[in-house]
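Dear colleague,

I am handing over a structure for your attention. Please find the sequence and the coordinates below, followed by my account of what was found.

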Amino acid sequence: MNIKKSLLISLASVISFSVSAAEINLKFESSNFAGEKVYEIQKQWTDNIEKASNGRINIELLPLDSVLKSSDMLSGVRNKIIDGAVATAAMYAGTDSGFGLIGDTISAWNHDEDILNFYYNGGGFEVVDNIFQQYGAKLIGVSVTGAESLPSKVKITNIADFKGIKIRAPSGPIQKLFAKLGAAPVGLPGSEIYTSLEKGIIDAADFSTFANNQSQGVHDIAKYPIYPGIHSSPAVHMIMNLKTWNSLTPEDQTFLIVYFKGMALDTLIRAHYEDKLAYKEAIEKGVHPVTWDPQEIAKVRTVAKEIWQEIAQQSEIGNQYYQALIKFLDSQGMMQ
């Protein structure tokens, strides 16, 4: 066999191998807008997955509203309008109220780390994955956005101060919580918070991390942010179409689960780091953060527990989640 013919055969075998090892191209959508710190971290991880997977997997992450509204993402994933979504399950509360509890388990966690412990060590991942699979989706990762602050134009130091306060809050458990605390919850998208505070449509907003609120100029208007926040962070769920998941090799499935577990740690520590930097900057600019007494926060948790139970009674998937939650909290001595 001459050299030219040998090279042609070698080239043909390389082409044949490349075809059989075709890349997996996926399109995901985030519930965060481009420019938000959380979205930037999410995109870094999805952008880097191609290199980490040695060219096998490519994920294009689109910002919120690129294809679907956040409330439509679960059905969009099930129907393959998009391949996956990165959003808190609370966005899907319109489908089933149980998703509200799953995504925003208000006042359950003492620290953000508790959320990851519940999912990755306490059995939460398996329970929530099973719930998502009932809706045609596969849970592949869980992360946190960091403890939310609560920017306010008026000083709120205790539950009594919430009376009559118009506060932006997402639908679901968090709206129920503020209503029970005496406030007047208002449903607004995150993009309208700044102008709504400016025009006096709302007095305060349950929105994002201290650092994100600071970077977006929210504290220029709402100079009395409650920080740390008085209820727990929501959990962010990365899901993908179940049929697409089942078409992957076991090796690729394992890779995805392990890879995005790394994103969970990154979102957690970076959010805490940036919050401390933003806090110092805010103080220098005349912002007056308000820190609540632990006993007052405990009262909020008592009200929140009532909401957990209400949702568990209304929703089968909410009850499945609730039972796993209580088991975990009890195991960690966190049911007080």
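This is a predicted model: local features need pLDDT of at least 70, side-chain atom pairs count only at pLDDT 80 or more; totals for chains, interfaces and linings use all residues.

Helix 5 and its surroundings

I would begin with helix 5, which covers residues 112–120. Of its 9 residues, 7 are buried, so helix 5 is largely enclosed by the rest of the structure. The buried residues are Asp 112, Asp 114, Ile 115, Leu 116, Phe 118, Tyr 119 and Tyr 120. They pack against helix 4, helix 6, helix 11 and helix 13, and also against strand 4 (137–144) and strand 8 (235–241).

The packing of helix 5 with helix 13 (residues 316–331) can be described in more detail. The two helices meet at an angle of about 110°, and their axes are 11 Å apart. Helix 5 is therefore roughly perpendicular to helix 13. The crossing is right-handed. On the side of helix 5, the residues involved are Asp 114, Asn 117, Phe 118 and Tyr 119, and they meet Tyr 321, Ala 324, Leu 325 and Phe 328 of helix 13. Sorted by class, this contact has 6 nonpolar residues, 1 polar and 1 charged.

Several of these names return in an aromatic cluster: ring pairs join Trp 109, Phe 118, Tyr 119, Tyr 321 and Phe 328.

Helix 2 against helix 11

Helix 2 (residues 37–52) packs with helix 11 at an angle of about 150°, with 10 Å between the axes. Helix 2 is therefore roughly antiparallel to helix 11. This crossing, too, is right-handed. Helix 2 contributes Lys 37, Ile 41, Gln 42, Gln 44, Trp 45, Thr 46, Asn 48, Ile 49 and Ala 52 to the contact, while the residues from helix 11 include Phe 255, Tyr 259, Met 263, Asp 266 and Arg 270. By class, the contact comprises 9 nonpolar, 6 polar and 4 charged residues.

Aromatic pairs

How many aromatic pairs does a search of the whole structure find? The search gives 18. One of them is formed by Tyr 92 and Phe 132, whose arrangement is edge-to-face, with 6.4 Å from centre to centre and 80° between the planes. Tyr 92 lies in the loop between strand 3 (84–87) and helix 4 (97–103), whereas Phe 132 belongs to helix 6 (residues 124–133), so the pair ties together parts that are 40 residues apart in sequence. Both Tyr 92 and Phe 132 are buried.

A further pair, Phe 210 with Tyr 279, is tilted: the centres are 5.6 Å apart and the planes are at 45°. This pair also links distant parts of the chain, with Phe 210 in helix 9 (residues 210–215) and Tyr 279 in helix 11 (residues 250–284), 69 residues apart. Tyr 279, at 29% relative accessibility, counts as partly exposed.

A glutamate in helix 12

Finally, I draw your attention to Glu 296, which is found in helix 12 (residues 294–314). Its relative accessibility is 14%, so Glu 296 counts as buried. Setting aside neighbours within four places in sequence, Glu 296 is in contact with Asn 158 and Ile 159.

Yours sincerely

Technical notes
Residues are numbered from 1 along each chain as its sequence is written. Side-chain values use heavy atoms; hydrogens and water are left out. Rings of Phe, Tyr and Trp (its six-membered ring) pair if their centres lie within 6.5 Å; planes under 30 degrees apart count as stacked, over 60 as edge-to-face and the rest as tilted. Helices (H or I, at least four residues) and strands (E, at least two) are DSSP runs, numbered from the N terminus. Buried means under 20% relative accessible area, exposed over 50%, partly exposed in between (1.4 Å probe, protein chains only). Axes are lines fitted to C-alpha atoms, for helices over the stretch in contact, and angles run from 0 to 180 degrees between N-to-C directions. Angles under 35 degrees count as roughly parallel, over 145 as roughly antiparallel, 65 to 115 as roughly perpendicular and the rest as oblique. A crossing is left-handed if the near helix is turned anticlockwise from the far one by less than a right angle, and right-handed if clockwise. Contact means heavy atoms within 4.5 Å. Ala, Val, Leu, Ile, Met, Phe, Trp, Tyr, Cys and Pro count as nonpolar, Asp, Glu, Lys and Arg as charged, and the others, Gly among them, as polar.
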